[in-house]
Amino acid sequence: AFALCARFTVDNSDVPDYRFEIKTNCYIAADSKRDLSKMPFAQWVFTGQLRKCQFPIAQLKEDLLAACEENAVLTIGYDQYNGQQIGEELAKEQFIAASISQNHRNFNEPIREFLKCIQDRRLLHNGDTLLKWCASNAVLYADVRDHIMFDKRTSSEKIDPIVAAVMAFRLASLSPAKASGSLFIS
């Protein structure tokens with residue numbers, strides 16, 4: 001999965017307030033062992049929320065590059081654990097490839113801010129039911145310093161899109177705000 005996140009100014013006071021819009025893109029191998037004819041996967045494939053393809057990583061990269069060009073994205077976050085190669089390829093394409101390792105140090109603050117934005121209704125998405133499902137699967141755990149992180153081992157199902165959304169949110173929260181517009185409403 002990959003996610004796009006845009007930040008928009010809501011308040012023009014001395015300390016501006018922001019809203020965020022997120023759009024996720026999810027892929028699965030056509031020969032996956034998961035039965036894609038069963039719900040809710042069949043619906044997600046039918047609606048295009050889950051893209052079934054022969055080479056999902058290659059398709060993800062192609063779609064990611066196109067989306068970044070279309071939306072004038074300069075910085076792309078990736079997890080170097082399984083994404084070192086794509087990070088190198090993105091850097092070669094002149095993007096700023098930001099390595100965001102999935103650990104307490106890198107995810108504590110972004111997850112807390114992400115949850116606060118949800119609570120404050122400043123985080124929007126395009127009604128993506130696959131993203132909602134993945135968010136409901138996610139389990140958070142805290143370390144001894146009370147820093148939180150996603151726990152993939154105890155999460156009930158896939159959570160990749162919500163992890164990608166938090167990574168994109170983190171980068172967007174550190175970037176200049178867009179003056180106006182929308183990421184997912186044409």
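Modeller: Ala, Val, Leu, Ile, Met, Phe, Trp, Tyr, Cys and Pro count as nonpolar, Asp, Glu, Lys and Arg as charged, and the others, Gly among them, as polar. This is a predicted model, where local features need pLDDT of at least 70, side-chain atom pairs count only at pLDDT 80 or more, and totals for chains, interfaces and linings use all residues. Residues are numbered from 1 along each chain as its sequence is written, and side-chain values use heavy atoms, without hydrogens and water.

Biologist: How do H5 and H6 lie to each other, roughly parallel or roughly perpendicular?

Modeller: Helix H5 (residues 129-137) packs on helix H6 (residues 160-173) with axes (lines fitted to C-alpha atoms over the stretch in contact) 7 Å apart. Their angle is about 95 degrees. Because 65 to 115 degrees counts that way, the two helices are roughly perpendicular.

Biologist: Which residues of H6 does H5 meet?

Modeller: Contact means heavy atoms within 4.5 Å. From H5 come Leu131, Cys134 and Ala135, and they meet Pro161, Ile162 and Ala165.

Biologist: How many charged residues are in the contact of H2 with H3?

Modeller: Leu60, Lys61, Leu64 and Leu65 in H2 meet Ile86, Glu89 and Leu90 in H3. This contact has 5 nonpolar residues, no polar ones, and a charged count of 2.

Biologist: Which element gives the most to the lining of the second largest pocket?

Modeller: Lining residues have an atom within 4 Å of a pocket point (1 Å grid, 1.4 Å probe, an open set with protein on both sides within 12 Å along at least five of seven lines). This lining divides into 14 nonpolar, 1 polar and 1 charged. With 4 residues, the top contributor is H4.

Methods. Axes are lines fitted to C-alpha atoms, for helices over the stretch in contact, and angles run from 0 to 180 degrees between N-to-C directions. Angles under 35 degrees count as roughly parallel, over 145 as roughly antiparallel, 65 to 115 as roughly perpendicular and the rest as oblique.
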